[in-house]
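Here are my notes on this model, point by point. Please read them with the structure open.

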Amino acid sequence: MIGFGLRLAVAGGREALTRLIIIAAAVAVGAGLLLTTLAGVNAVNSQLTRYASLYPGASAAGGGGPAPLWWSTREDYFQGRQIVRVDVAATGADSPTPVGIPRTPGPGEYYVSPALTELLAVAPAAQLGDRYPGRNLGPVGPAALTSPDTLLVIVGNTPDEVAGLPNARQLTSVGDTVPALPETVVDLILGVIAGGLLFPVLIFIGTATRLSAARREQRFAAMRLVGATPRQISVVAAVEAAAAAVAGTALGFVLFLAFRGQLAAIPFTGMPFFPGDMSLRPLDVLVVALGVPAGAALAAWVSLRSVRISPLGVTRRVTPRPPRAYRLIPLGLGVAELTYFIGRRPDTSDGQTAAFLSGLLLIMTGLVLAGPWLTMVGARVMARHASRPATLIAARRLADNPRAGFRAISGIMLALFVTSVALGVITTIIAHRGPAPVGSTDAGTVSTAFYEDPPTVPDTLLAELRAIPGVGSATVIRANPDRGGDAGVIACADIPTAYGRCADGVTVATVPYSLVPFHGSASATRVWPAAPNSLDELRRLPVASVVVGTDGSTAAVERSRTVLSLAFPKFWVAPNVPGEFESDFADTLRGWKQLANVVIVASLALAGCSLAVSVVGGLSERRRPFSLLRLSGAQVGILRRVVALESAVPMLAVAVVAIGMGLLAAQLFLKAQMDYPLTAPGVEFYAIVVVGLAACLGIIASTLPLLERVTGPETARSE
């Protein structure tokens with residue numbers, strides 16, 4: 001029967017061959033997207049792992065082991081871009097070598113990433129290159145870089161120098177002591193986002209393999225009439241579906257390998273991948289290579305339930321039982337669970353993940369289960385208010401079989417839900433923890449703070465800074481003994497006019513270390529509060545920071561930053577302008593936000609393709625009923641509106657419900673976990689959704705011209 005099934009699939013006439021090619025092409029697209037999704041998850045994990053390797057934990061030195069390597073990781077900045085600086089020093093000939101370079105650099109030597117090499121070649125030395133005196137030994141290899149755009153420098157020093165730097169530690173091995181990533185957070189984000197894309201892909205593949213299911217059922221029922229057993233029919237159906245799926249899966253692998261380099265260059269998370277990161281594990285290959293054909297065969301087997309009952313099964317169809325309201329129970333339980341943990345947040349991170357993840361999974365399950373019921377309710381409402389024949393026919397058909405109407409767009413419901421949750425959470429966190437606003441005055445403020453071992457600041461350094469073209473002031477802030485944190489004190493006479501003044505009669509004021517309030521802006525009219533210190537006490541206080549006011553030009557800012565970096569090489573946080581240090585965290589979240597936007601676009605496109613395949617399949621299966629309607633006087637325009645309404649109404653209704661539930665779940669999570677009110681996503685999110693839905697409707701509309709061709713009078717006579 002396997003050979004017979006293959007002959008039916010390949011040599012069953014033009015219709016069978018056309019169906020085989022269409023199914024194989026659709027499966028190829030779905031398999032290629034599935035492979036891209038799996039490779040993308042692996043690429044993100046590789047990026048995170050290499051990023052974590054730049055911040056290793058100290059190794060336990062054992063007797064007889066290799067000599068340790070001193071290691072210190074800090075951050076520098078250039079024009080708002082982060083430069084990761086790693087200072088290393090070998091303590092012996094057998095000290096481990098950092099990943100990505102041939103040997104550990106010695107004092108006065110350094111390696112730089114290719115992206116930083118290009119930047120050093122075009123930036124004036126006084127603005128960037130002078131920060132790294134010595135000899136450039138060559139590029140850092142990809143094994144040590146998070147992304148091709150990563151700016152990384154590995155600087156050699158003596159062991160005593162590195163030991164005195166912030167965040168210094170000794171390593172007896174490199175590459176295998178990577179600190180554990182926050183898996184409860186990262187895996188949750190990756191799992192939710194990947195699931196939001198994988199589910200539409202699987203729906204698309206399943207929909208494609210069911211093309212012309214009704215025609216095949218009729219053919220298999222005829223085979224039953226001439227003596228074929230149910231088992232033989234199941235084998236033939238599975239072989240026919242699997243043959244197209246195998247060809248499509250093979251083509252999907254070819255498409256993935258052909259476009260892997262171009263896909264890696266797309267900054268899905270805000271930074272591009274290395275082509276090698278877009279790799280597949282053996283398990284991924286097996287899952288796709290075996291799972292897609294097996295899933296196609298299973299879908300074909302399930303679709304033939306009516307044929308297996310009896311040879312006349314396909315002619316004895318009845319309206320399926322309508323879905324019941326009990327399908328809403330899991331949805332309500334998920335919302336109730338998230339609501340319960342408001343004010344009752346578990347103490348451990350594992351407990352929090354279990355609590356919130358289970359609630360989100362319940363809501364996702366509830367949405368899938370409630371989808372047919374919601375489709376039925378919407379169809380009945382549409383039928384009740386229908387004033388035109390097309391609306392009434394579409395509503396009655398959806399109400400009769402809401403499961404079929406919901407099946408093709410169930411993927412878009414989950415995709416919109418998970419991305420609404422992700423974007424709601426990310427947008428809110430950025431709003432509360434994002435960078436300080438950077439105005440024209442703030443962008444010209446360069447400051448470096450000393451939280452440990454405060455240095456002395458010679459007058460010659462201040463004079464050198466003030467001599468830089470574009471620099472208007474260079475000011476020393478001293479530590480406030482009464483307030484800590486980022487509050488310092490300064491003589492009122494030393495406050496530059498661009499940053500405010502003191503009240504009349506005040507000699508010493510309390511100011512931030514950067515002279516710019518956090519989440520605020522510099523202002524010449526600001527009046528700083530008085531400090532309880534006298535001028536004599538002020539001079540004896542340790543230095544807290546040095547603030548340089550510039551005109552905001554790149555040359556002035558970066559030259560000031562370079563001078564400060566060389567004067568105070570043991571900085572914990574490099575000299576920075578307001579918003580740079582805080583923006584690192586926000587940039588990471590923006591990367592996840594961009595990835596979520598990609599998922600929305602891709603899932604909406606897949607949903608449109610699934611709907612198009614469903615529409616084409618539905619037109620093929622209903623050629624005779626539509627032909628009879630045309631013979632009875634119905635115009636083609638009415639039939640087109642019927643088909644469009646059957647597809648568009650469930651999709652739009654599902655989109656509203658999914659986004660609403662996603663934002664509700666995000667609000668409950670934020671309130672329980674962080675006590676934040678939800679900050680709704682911006683116009684960009686809704687614009688992407690609207691454009692994506694419009695594209696889906698356009699894809700559906702592109703299939704409607706087929707209606708006139710397949711519903712002519714000859715169809716009613718021949719079937």
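1. In what order do the strands of the open sheet of 6 run? The order is E4-E3-E5-E2-E1-E6, and the pairing is mixed. Strands E4 (135-139) and E6 (169-171) are the edges; each has a single partner strand, so one side of each lacks a neighbour in the sheet. On average, neighbouring strands here are turned by 30 degrees against each other, direction ignored. Strands pair if DSSP finds at least two bridges between them. Helices (H or I, at least four residues) and strands (E, at least two) are DSSP runs, numbered from the N terminus.

2. A word on the basis. This is a predicted model: local features need pLDDT of at least 70, side-chain atom pairs count only at pLDDT 80 or more, and totals for chains, interfaces and linings use all residues. Residues are numbered from 1 along each chain as its sequence is written, and side-chain values use heavy atoms, with hydrogens and water left out.

3. Overall content. The chain has 23 helices and 13 strands. Of its 719 residues, 50% count as buried (under 20% relative accessible area; exposed is over 50%, partly exposed in between; 1.4 Å probe, protein chains only). Among contacts (heavy atoms within 4.5 Å) with a separation of 6 or more, 80% join residues 24 or more positions apart.

4. Back to the sheet. E2 (residues 81-90) and E5 (residues 152-156) pair in the parallel sense, over 5 bridges. Asp87 has Val155 in E5 as its bridge partner. Helix H3 (residues 114-122) packs on the sheet and touches E1 (69-78), E2, E3 (109-112), E4 and E5. The direction of H3 makes about 105 degrees with that of E3. Axes are lines fitted to C-alpha atoms, for helices over the stretch in contact; angles run from 0 to 180 degrees between N-to-C directions.

5. Helix H15 (residues 459-466) deserves a look. Leu461, Leu462 and Leu465 are buried there. Seen down the axis, the buried residues of H15 fall within an arc of 100 degrees, so they line one face; the arc is that of the directions from the helix axis to the C-beta atoms. These buried residues pack against strand E8 (471-479), strand E13 (543-550) and helix H17 (554-567). Exposed Asp459 and Thr460 sit on the face turned away from the buried side.

6. Aromatic pairs: how many does the structure hold? It holds 7. Rings of Phe, Tyr and Trp (its six-membered ring) pair if their centres lie within 6.5 Å; planes under 30 degrees apart count as stacked, over 60 as edge-to-face and the rest as tilted. Tyr51 and Tyr55 have ring centres 5.3 Å apart and planes at 45 degrees, so this pair is tilted. Tyr51 is partly exposed at 38%, as is Tyr55 at 22%. For Phe685 and Tyr686, centres 5.1 Å apart and planes at 65 degrees make the pair edge-to-face. Phe685 is buried at 3%, whereas Tyr686 is partly exposed at 34%. Tyr340, Phe341, Phe356 and Phe669 form one cluster.

7. Check the backbone at two residues. Most residues other than glycine have a negative phi. Gln79, in the loop between E1 and E2, has a positive phi near 50 degrees. Asp675 has a positive phi near 60 degrees. Asp675 lies in the loop between helix H20 (636-673) and helix H21 (683-703), and is exposed at 52% relative accessibility.
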